[in-house]
Amino acid sequence: MDPLAAIRETFFQECEEQLAELESGLLAMEGGDRDPETINAVFRAVHSIKGGAGAFSLEALIRFAHVFETALDEMRSGRLAVTADVLKTMLRAADVLADLVRAAHDGAQGDDPRAAALADELKAMSGAAGEDDGGEEDWGDFEFKPQLVAFEAAPAPTGFLVRFKPRHDLYAKANEAALLLRELSRLGDAQVELDTEDLPPLGELDPEAAYLAWTVTLNGDTDETTIREVFEFVDGDCELEVTPIGGAPADPPAPDFDLSALLARVSDGAADDAPAGDFGAPAADGPAAEAPLADASVVELPLAANRPAPEPAAETQGLGGHRKSEAGATIRVDLERVDRLIDLVGELVINQAVLAQRVMEAGLARASAVAMGLDELEQLTREIQDSVMAIRAQPVKSVFQRMPRLVREVAAMTGKPVRLVTEGEGTEVDKTVIERLADPLTHMIRNAIDHGLESPEKRAAAGKPAEGVVRLAAMHRSGRIVIEVSDDGGGINRERVKSIAVERGLISAEAQLSDEEIDNLIFMAGFSTASEVSDISGRGVGMDVVRRSIQALGGRITINSKPGKGSTFTMSLPLTLAVLDGMVVSVEGQTLVAPITAIIETLQPKAEDVHSLGGHARVISIRGGFVPLIDVGMALGYRPEPLSATSGVALLIEGEGGARAALLVDAIQGQRQVVIKSLEANYRQVPGVAAATILGDGRVALILDIDTIVAVSRGELRKAG
Amino acid sequence: MSMTVLTVDDSRTMREMLRLALADAGFRVVQAEDGIHGLEVLQAEAPQVIVTDINMPRMDGFGFIEEVRGDPKHRAIPILVLTTESDAEKKNRARMAGATGWIVKPFNPVKLVDAIRRVAA
Amino acid sequence: MTEPKTIALADSLDMTAAGPLHRELLEVRGQAVTLDGAAVRRLGGQCLQVLLAAETAWAADGQAFEIVNPSPEFADGLALLGAGHLAPPGFAAAPFVQD
């Protein structure tokens, strides 16, 4: 037998049981039984028959059972008095129900006139007691309100911005944010942004409370109703805002959306609380010009300019206001494709430089048409390079927004009230750089609170507000990104720093150092004041690690401290890791590039400063200290015997861990920006060489891996010593 | 490993309908006839989802949901209530008790399975 | 530096796992910690809250906090919840630990 037919048989069997239950219950009530469980059982019997009938679409049975059930529910709830007359009608209704069940079992169609008459009686009874619901199941209560098609002429939105913040109840009812996000991401191309703003420090966290919020930018062919359906089960258990992006809103934002009020607002001049551009007003002057539209870097969709419909979602303005254009005008591209493009443009830049050099060598006049055309080509090439780099650029916001949490956590641990001020969150930098900023920033902010800010008592004594301020700012400056972390604390205690440096053997006690030099001591490996100062940062992680991370990104870090006023750490980083500022040097006829960020200074070694340690190992004395002198030609195997120190130039560099060394090269050619070509991708990894580049004259130049060279030479030095 | 669904319904017809729809979708089905029976089955089985009726003898759906939510071992199990009621009051009471979601009877098997997949990992 | 404490994450990081995870992390506060995510089959919002708060706490302590061997389900779950940075693919130790 087909399984559904078998269940149908089960249903009719069960109906017989329910009908018997129904009858005996009603008879017991007629005999005076007022036990609530009796009437509940009676109600359930009819309810159950209705449920099964619904599964098999037995319409006549469903209709009658529903009317009967309604009357029984009235009786159960006490709104319909249990009288002898009422019970008589109920018993007759039970008989009719039994007939209807049997008729349905036999496959009979059509209505029983007795059923219709009795249904009317039952309705009259329940109608007199409660309100008449018309006898029809109002399934519509579960559905969403029918859509108001307010702006049929408006273009459909290209996507939606969904902001969603669960409340505790959502999780308590075993709903799960992750599953809702999964459903949402199935509706289109979803970009999920996590908001941890409300997340408390670990120690104060209630593991079963709800703190996180999510903003999902959903692009694709969907509509607001479909999106809201995802959240159907959690309605009321979360905050939810759905804002259309791109086109005009096709769905009203709220059921009580008042079109006339909105139109009034529009004609009122509109710009009070909404970007004028959204209203399609000519943005020539007036409020439109100052409307808080997107960042300058964000391209407005042309679509938005003459959108006929106003933006009705005033309550979601803050959210939708500028992201709308951002998301609407965005496409997602596989990062690999962008990397490939950046690579190709790098080649183009090199090729263009090679061509320019050839033209020069050919002796063509600067004013010749070829040379002038080449100048234009150069200009264009640079613009293309900048534009391509900009594709991979992202605002630093993604890193900055993780810091407020950190500040709360460290503030709680240190007992120092702190306010974090961030500026320039929209400043863009290459994605690869952003990913590697989080750790150094975390460290510096922790340092600023722990070491920079004074205790509230000390601050009060110094006449400062108890709450310290840590400022995190990003800006673009001459082709680099500059990030500042500053505090309004006590500034660096230079006496203390200097004595620690002496104590740890980092400087000699006699060393005469400028304030700036003293401040910079905190970046030296092995320098950490932390263990004495507090418990928080004293765990072997010092500012030298921060500096190393920054240097690894081709960046520099400096400090500016004023006693009593606070300190500012300034990081300057390249906007991309695809190009490098290098010092071009010659070694045995080869051209090499040393990253400028690692170079402290260049010097001409004097014979009396160089001391041999036996073998080829040498050291050079610089301001009273000795550093290893490493012959780059030897290190890379270009020559068997070391160059005489006085016939070359030394680059004083600082490598990993703050280890200093002097790299001896034959000559310095100059400084320039070079496009980095990975050797591993094209060839294989070469010890001592980080990457390669191609210079303007077409020569391949290797970029030195300073840390490896220093490490290898140190090993040799130890053997020699 | 297939997902186990516990169905709690006093109607044999409904239990069989549910079993048919759920087994078709590849779920393993365990059944209970009312709330108290449901709690007993819960001790022996480890369902990933519970589908329960509301009107049942001995312990109704509301009581059953409250019991499950108060049980440290089982409180994280998503519970869908089956109801022919269209009235918001029943739905709200079930939600107050801790229901994860609901399915309106007569259910469409596709929607039933869909709702289960929505609330279960 | 001492060996980081290793905590094996449970297979189901649902709401009932958030409390135990929170306690477990509080117990090892102050030491470098490695969370092994190999067994994780599902991740819920509340356990993510605990992990994020712990990440911040460990960063504030200047201690290494690392999630290793994330199962594909765990990595997907983190990405889905917008927290992919907790277990970047192919990312080794946090660069902030000094030896």
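Visitor: In what order do the elements of chain C run from the N terminus on?

Guide: The elements of chain C run β-β-α-β-β-α-β-α from the N terminus, and chain C has three helices and five strands. Helices (H or I, at least four residues) and strands (E, at least two) are DSSP runs, numbered from the N terminus. This is a predicted model, in which local features need pLDDT of at least 70 and side-chain atom pairs count only at pLDDT 80 or more, while totals for chains, interfaces and linings use all residues. Residues are numbered from 1 along each chain as its sequence is written, chains are lettered from A and ligands numbered from 1 in the order in which they are written, and side-chain values use heavy atoms, with hydrogens and water left out.

Visitor: What makes C:Trp58 and C:Phe65 a tilted pair?

Guide: Rings of Phe, Tyr and Trp (its six-membered ring) pair if their centres lie within 6.5 Å; planes under 30 degrees apart count as stacked, over 60 as edge-to-face and the rest as tilted. The ring centres of C:Trp58 and C:Phe65 are 5.7 Å apart and their planes stand at 50°, so the pair is tilted.

Visitor: Why is C:Trp58 called buried?

Guide: Buried means under 20% relative accessible area, exposed over 50%, and partly exposed in between (1.4 Å probe, protein chains only). C:Trp58 has a relative accessible area of 0% and is therefore buried. C:Phe65, at 13%, also counts as buried. Of the 99 residues in chain C, buried residues make up 53%.

Visitor: Why is the pair of A:Phe523 and A:Phe569 called edge-to-face?

Guide: The centres of these two rings, A:Phe523 and A:Phe569, are 6.1 Å apart with the planes at 85°, so the pair is edge-to-face. The structure holds eight aromatic pairs over all chains.

Visitor: Where in chain A do A:Phe523 and A:Phe569 lie?

Guide: A:Phe523 lies in the loop between α21 (515-520) and α22 (530-533) of chain A, and A:Phe569 in strand β11 (residues 566-574) of chain A. The pair links distant parts of the chain, 46 residues apart. A:Phe523 counts as buried because its relative accessibility is 1%, and A:Phe569 is buried with a relative accessible area of 9%. Elsewhere, A:Phe11, A:Phe12 and A:Phe56 form one aromatic cluster.

Visitor: What makes A:Glu409 and C:Arg29 a salt bridge?

Guide: A salt bridge is a side-chain nitrogen of Lys or Arg within 4 Å of a carboxyl oxygen of Asp or Glu. The side chains of A:Glu409 and C:Arg29 meet at 3.2 Å, N to O, and form a salt bridge. Across the interface of chain C and chain A the rule finds three salt bridges.

Visitor: How many residues does each chain bring to the contact of chain C with chain A?

Guide: Contact means heavy atoms within 4.5 Å; 36 residues of chain C and 43 residues of chain A take part. Buried area is the accessible area (1.4 Å probe) that two parts lose on being put together, summed over both. For chain C and chain A the buried area is about 3,300 Å², of which carbon and sulfur atoms give 60%. On the side of chain C that touches chain A, α2(C) gives the most, with 15 residues.

Visitor: What does chain C share with chain B?

Guide: Four residues of chain C are in contact with four residues of chain B. The two chains bury about 370 Å² between them, 66% of it on carbon and sulfur atoms. C:Met15, C:Thr16 and C:Arg42 supply 91% of the area that chain C buries against chain B, more than any other three residues. Across the interface of chain C and chain B the rule finds zero salt bridges.

Visitor: Why is B:Arg58 called exposed?

Guide: B:Arg58 counts as exposed because its relative accessibility is 58%. B:Arg58 sits in the loop between β3 (49-53) and α3 (61-69) of chain B, with a positive phi of about 65° although B:Arg58 is not a glycine. Most residues other than glycine have a negative phi.

Visitor: Why is A:Glu588 called partly exposed?

Guide: The relative accessible area of A:Glu588 is 41%, so A:Glu588 is partly exposed. A:Glu588 is found in the loop between β12 (579-587) and β13 (590-595) of chain A, and has a positive phi of about 50° although A:Glu588 is not a glycine.
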